[in-house]
Structure formats: C-alpha cells, structure tokens
Amino acid sequence: MTDDLIERLAEDLEPVSPRRPLRRLLLAVGVAAGAGLLAFLVLPDLAFRADLVAALHGVSFWLKLAFTGALAAIGAWAMAALSRPAARDPGGPVFAAIVWSGFAAIALAVLAATPPADWQALVMGETARRCVGYILLLSVPLLALMLAVMRRAAPTRLGRAGWACGLAAGGLAASVYSLGCGEASPVFLVIWYGLGIAATGLTGAAAGRWALRW
Amino acid sequence: MTVVTERYEAQLRSLMVASQAGDAAAYRTLLRDVQQRLTGYFRQRAGDPSAVEDLVQETLMAIHVKRDTYDPGQPLTAWIYAIARYKLVDFYRAHRRRASLPLDDEAQFLAAADPAQGAAMARLDLDRAMAELSAPQAEALRLTKVEGLSVEEAAARSGRGVSAIKVNVHRGLKALRDRFAGREASS
C-alpha cells in the first residue's frame with residue numbers, strides 16, 4: 001500500500017524551487033501593503049493626513065514609520081524562518097522587544113524634557129482609541145493573508161509561526177495607518193502603536209494554533 | 001555512528017536536491033529509504049500498531065506536498081524528522097492522548113530504525129560468509145547454530161555421523177571467526 005503511494009508520488013513529481021516559499025512570502029508582504037493602502041479609498045473615516053507632504057520633512061513621521069516598519073520586517077523575517085520544518089527559532093520576540101525598548105528610551109527622553117503638566121497630551125494625543133482600533137481593523141485581512149501564506153509552507157511550531165504572522169500583519173497595518181495619523185509624540189507611538197501591533201501578534205499566536213494546521 | 005550518519009545525510013540530501021529538480025528515480029529511492037526510517041520511528045512512538053502505516057503515509061504525502069520548503073543548505077534528516085514529529089503530535093492531538101513526547105533530536109530519529117537495519121546488515125554479512133564455507137560445514141552450522149538442533153539431531157537430519165557434525169561445526173566456526181577477524185583488522 002505504501003509502495004503504491006510512493007509510486008504515485010514519484011509519478012506526480014514536478015520540479016520545485018526551494019526559493020518558492022520565500023518568493024511567495026515577499027509577494028504577500030507587497031500585496032498586504034497594497035491592500036492596506038486601498039483601505040484609504042474604502043473606509044470613509046480614514047484619510048491620508050492633509051499635511052502628508054509637509055510631514056515627509058519632519059522627524060516624527062519617519063520615526064513612526066521606522067518603528068512600525070522595523071516590527072513588520074522582524075515579523076516577516078521570523079515568518080520566513082518559522083515556515084520551514086526544523087527551523088531554528090530566530091528569536092523574533094527578543095528583537096521586537098529590543099526595537100520597542102529603543103523607541104521607549106526616546107519616549108522617556110522626550111517625557112523627561114517636558115513639564116509633567118504636558119505629559120497627558122504626549123501620552124494620550126487626540127486619537128489614542130482610534131489609533132488602536134484602526135490598526136486592529138486593518139490588521140485583520142492582513143493577518144488572514146499572512147496565515148494563508150504560512151499555511152502553504154510547512155510550519156511545525158504553530159503558535160510561534162502565528163505570532164510571526166501577527167507581528168508582520170500588525171507592523172504593516174500600523175505602517176499604513178501612520179500615513180493618516182497626525183500624532184507626533186514618540187510616547188504616543190510606543191504606547192498605542194505598540195499596543196495595536198502587540199495585540200495583533202497575540203491574535204496571530206492564538207489563531208495560528210488551529211489556523212496553521214496542515 | 002556519526003560517520004555513518006553524515007554519509008547517510010549527504011546521500012539523502014543529494015537525492016532530495018535531485019528530487020526537487022524533478023528526478024523521479026532519485027525521488028523513489030529517497031522515499032523508500034525514508035519509509036523505512038519512518039516505520040521504525042512511528043512503531044516506537046505511536047502506541048497503536050495499526051496507526052503506523054497511516055502515519056508513514058501521511059508523512060510521505062506531507063514530504064511530497066511541502067518539498068519546496070526544504071532548503072538545500074540545511075540538514076535533510078532534521079527536516080524530515082520535524083515533519084514526522086509534527087504528524088505524530090497531530091496524531092496524539094486527534095486521539096486526545098495526553099502523551100508527553102520527548103524533545104528528542106533527529107539523531108534519535110536516525111537511531112530509531114538502526115536496530116532493525118543493524119540486524120539486517122549482520123544477517124547479510126553472515127549469509128555472505130556462510131557462502132564461502134564448504135557445503136557440509138555450512139549445513140552443520142545452520143542445523144546446530146541457526147536452527148538450534150543438538151549434535152545428535154543434526155546428525156540424524158543430515159544423515160552424517162555425530163563426529164562429522166562436530167568436526168564441521170568446529171572448522172566452520174573457525175573459518176567464520178578468521179574471516180570476520182581478518183575483515184575487522186583490515187577495516
């Protein structure tokens with residue numbers, strides 16, 4: 001019986017490229033970024049910030065994008081590693097924590113240079129709830145896409161693989177959202193953006209345990 | 001052991017690289033070899049003998065479908081072992097068995113099939129050595145040592161005298177000992 005199976009599998013054999021899973025992942029990241037940008041057309045309440053061109057010359061815009069982009073990149077990198085059987089865990093959570101801590105240090109420096117009376121504005125901004133809500137909303141389809149790509153590969157540690165999908169999706173969703181977000185405070189960034197991305201990562205870890213089975 | 005394992009790993013890996021390129025003959029050889037390993041591995045761990053063949057087939061199919069996730073820069077046995085272990089965990093989960101699966105590495109996966117293979121290799125060596133003995137010596141050894149008859153029973157069965165059996169067993173054993181000792185010294 002098993003001999004028949006081996007015969008059938010051998011007859012079914014077609015050449016494959018060991019680079020295909022990585023190409024598929026990169027394609028998915030590109031599609032996810034594009035799909036995220038589409039949300040600006042679809043969701044009436046979401047718009048590119050009016051001062052986007054002017055903001056390109058400011059530090060806070062790039063600081064935000066560096067934060068979200070770095071976390072998305074760590075997520076995608078961990079996805080690439082965890083999509084192969086017997087992959088060594090690349091230590092994604094550690095790198096994510098390092099990135100977050102680096103930006104948290106900047107946030108603390110900003111707080112230290114600000115009178116305590118103004119801290120409230122730095123922490124809460126004007127759009128804290130909207131920020132977390134939109135990052136989570138945008139990340140849902142992106143997370144589904146990342147999980148689908150991961151499932152096509154061969155993850156053997158489903159929780160961690162799901163977490164990597166969530167980090168990539170959350171980082172991408174936050175990157176997209178930052179184009180429509182006028183908040184400039186690094187304190188706001190590490191708290192609310194951090195919260196949105198972390199929640200997506202945890203959702204991915206929980207969903208991965210069943211969604212990634214193959 | 002490690003030398004054998006490394007050579008084995010290199011062989012399997014070149015078969016897998018050829019398989020990824022579409023070489024069906026290499027693929028067939030690879031899957032047959034892997035099937036042996038998997039059977040030994042699952043037989044020791046599945047608990048339920050009737051599940052072994054299912055697990056082997058599931059793992060072979062997974063290897064087939066996921067063969068593009070093998071990175072030729074990585075050890076192949078580790079890749080196969082991770083898939084086999086994943087399928088075993090899946091099996092435990094499906095059967096609601098709370099078995100604790102040891103976190104063994106692929107070295108043990110390789111070793112899983114080795115006792116059977118070792119015995120088969122020893123049998124092959126013995127057959128080859130026996131073929132070089134004279135017919136009466138080989139027969140005397142087979143009757144007394146392999147089938148376990150007494151010298152009297154062997155004499156009755158073969159129609160030779162008791163002393164002839166004793167002499168042939170003695171000479172046959174000496175010839176085998178010399179042969180294996182000589183090979184060991186030369187290897």
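Colleague: How many helices and strands does chain B have?

Modeller: Chain B has nine helices and zero strands. A helix here is a DSSP run of H or I of at least four residues, a strand is a run of E of at least two, and the elements are numbered from the N terminus. Before we go on, this is a predicted model: local features need pLDDT of at least 70, side-chain atom pairs count only at pLDDT 80 or more, and totals for chains, interfaces and linings use all residues. Residues are numbered from 1 along each chain as its sequence is written, while chains are lettered from A and ligands numbered from 1 in the order in which they are written.

Colleague: And what does the secondary structure of chain A come to?

Modeller: Nine helices and zero strands. From the N terminus on, chain A reads α-α-α-α-α-α-α-α-α.

Colleague: What makes Ile6(A), Leu9(A) and Ala10(A) in α1(A) count as buried?

Modeller: A residue is called buried if 20 or more other C-beta atoms, placed from the backbone, lie within 10 Å of its own; 12 or fewer makes it exposed, and in between it is partly exposed. Ile6(A), Leu9(A) and Ala10(A) are buried, so each has 20 or more such neighbours. They cover an arc of only 100° around the axis, which puts them on the same side of α1(A); the arc is that of the directions from the helix axis to the C-beta atoms.

Colleague: Which exposed residues sit on the face of α1(A) turned away from its buried side?

Modeller: Asp4(A), Arg8(A) and Glu11(A).

Colleague: What covers the buried residues of α1(A)?

Modeller: The cover includes α2 (24-45) and α3 (52-65) of chain B.

Colleague: How many residues of chain A are in contact with chain B?

Modeller: 21 residues of chain A are in contact with 29 residues of chain B. Two residues are in contact if their C-beta atoms, placed from the backbone, lie within 7 Å. On chain A's side, α1 (2-11) and α2 (20-42) are the elements that give two or more residues, and α1(A) gives the largest share, five residues.

Colleague: What is that side of chain A like by class?

Modeller: It has 14 nonpolar, four polar and three charged residues. Ala, Val, Leu, Ile, Met, Phe, Trp, Tyr, Cys and Pro count as nonpolar, Asp, Glu, Lys and Arg as charged, and the others, Gly among them, as polar.

Colleague: Why are α4(A) and α9(A) called roughly parallel to each other?

Modeller: The axes of α4 (residues 59-82) and α9 (residues 186-211) of chain A come within 11 Å and cross at roughly 30°. Angles under 35 degrees count as roughly parallel, over 145 as roughly antiparallel, 65 to 115 as roughly perpendicular and the rest as oblique. That is why α4(A) and α9(A) are roughly parallel to each other.

Colleague: Which residues meet in α4(A) and α9(A)?

Modeller: Leu63(A), Lys64(A), Phe67(A), Thr68(A) and Leu71(A) in α4(A) meet Pro186(A), Leu189(A), Tyr193(A) and Ile197(A) in α9(A). By class, this contact has seven nonpolar, one polar and one charged residues.

Colleague: At what angle do helix α8 of chain A and α9(A) pack?

Modeller: About 145°, with the axes of α8 (residues 158-178) and α9(A) 6 Å apart. Their contact has 14 nonpolar, 11 polar and one charged residues.

Terms used:
Axes fitted to C-alpha atoms, helices over the stretch in contact; angles between N-to-C directions.
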